[in-house]
Amino acid sequence: MRVPCQQSPVLAGSAALAALGALLLYLAEPSSYGKYSERAMPAATRLPARAAWFLQELPSFAVPAGILARQPRALFGPPATVLLGLFCGHYFYRTFVYSLRTRGRPFPVVLLVKGFVFCMGNGLLQGYYLIYCAEYPADWYTDIRFSLGVFLFILGMGINIHSDCILRQLRKPGEVIYRIPQGGLFTYISGANFLGEIIEWIGYALATWSLPALAFAFFSLCFLGLRAFHHHRFYLKMFEDYPKSRKALIPFIF
């Protein structure tokens, strides 16, 4: 029996996501991990980057995957299950591939806890809406919104994974130094990995045509766009030979 959809939590969760994104943009400060953690939180207790990223990202995979596992098995079942499968696919990569290969700096525990709560809430919001609230017509698989959205999602994920590989190769195991990333979209922008993920979630919002996904895409644009901006400033200050034609997030524009 289908669980009845509760619209109020969905609306509240979507509004909270959008408001959090707007607040981050208003404050205009980067989140205090990676290259910004020592300056912002010098005395914070830290975990190794691999363990921290694994624990933080895990609920974004486990919560919606748990919801998905309760649905009837079908390779191409209802559109909602396929779309939630895309969400789980992204966070499978983030949890079980990216986190176990990263060579980032130790991660503040307080940010890990905040990230864990955020990932759990967002995973529940996206999964609950798609499985218990979303209704799609029988021809949604041929709708231009689905087709274009899935294309953008796959394109963005490809850019994101490729850019992560470039960044990882800049360091040998145990190193925490910074080098200028080269190749791929890094030829044109400082935040190639961030642009890839932003494209992903814009595509996801289009394919799902849902308020929670739109709110998450907006949050991602604010959070990752701001981080790309600060990364760009960091590189310009650190490296005198940093390419002057390179932009922060959008090639040739910004």
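Is C222 buried or exposed, and what is its relative accessibility? At 3% relative accessibility, C222 counts as buried, where buried means under 20% relative accessible area, exposed means over 50%, and partly exposed lies in between, as found with a 1.4 Å probe on protein chains only.

The model is predicted, so local features need pLDDT of at least 70, side-chain atom pairs count only at pLDDT 80 or more, and totals for chains, interfaces and linings use all residues. Residues are numbered from 1 along each chain as its sequence is written, and side-chain values use heavy atoms, with hydrogens and water left out.

A disulfide is a covalent bond between the sulfur atoms of two cysteines. It is taken here as a pair of cysteine sulfur atoms within 2.5 Å, and by this rule the count is one disulfide. The partners are C5 and C133, whose sulfur atoms are 2.0 Å apart, and their link is right-handed, with 90 degrees about the S-S bond. Because C5 lies in the segment before helix 1 (7-27) and C133 in helix 5 (residues 109-133), the pair ties together parts that are 128 residues apart in sequence; helices here are DSSP runs of H or I with at least four residues, numbered from the N terminus. Of the two partners, C5 is partly exposed, with a relative accessible area of 26%, whereas C133 is buried at 10%.

Note on methods. Helix = DSSP H or I, 4+ residues; strand = E, 2+ residues; numbered from the N terminus.
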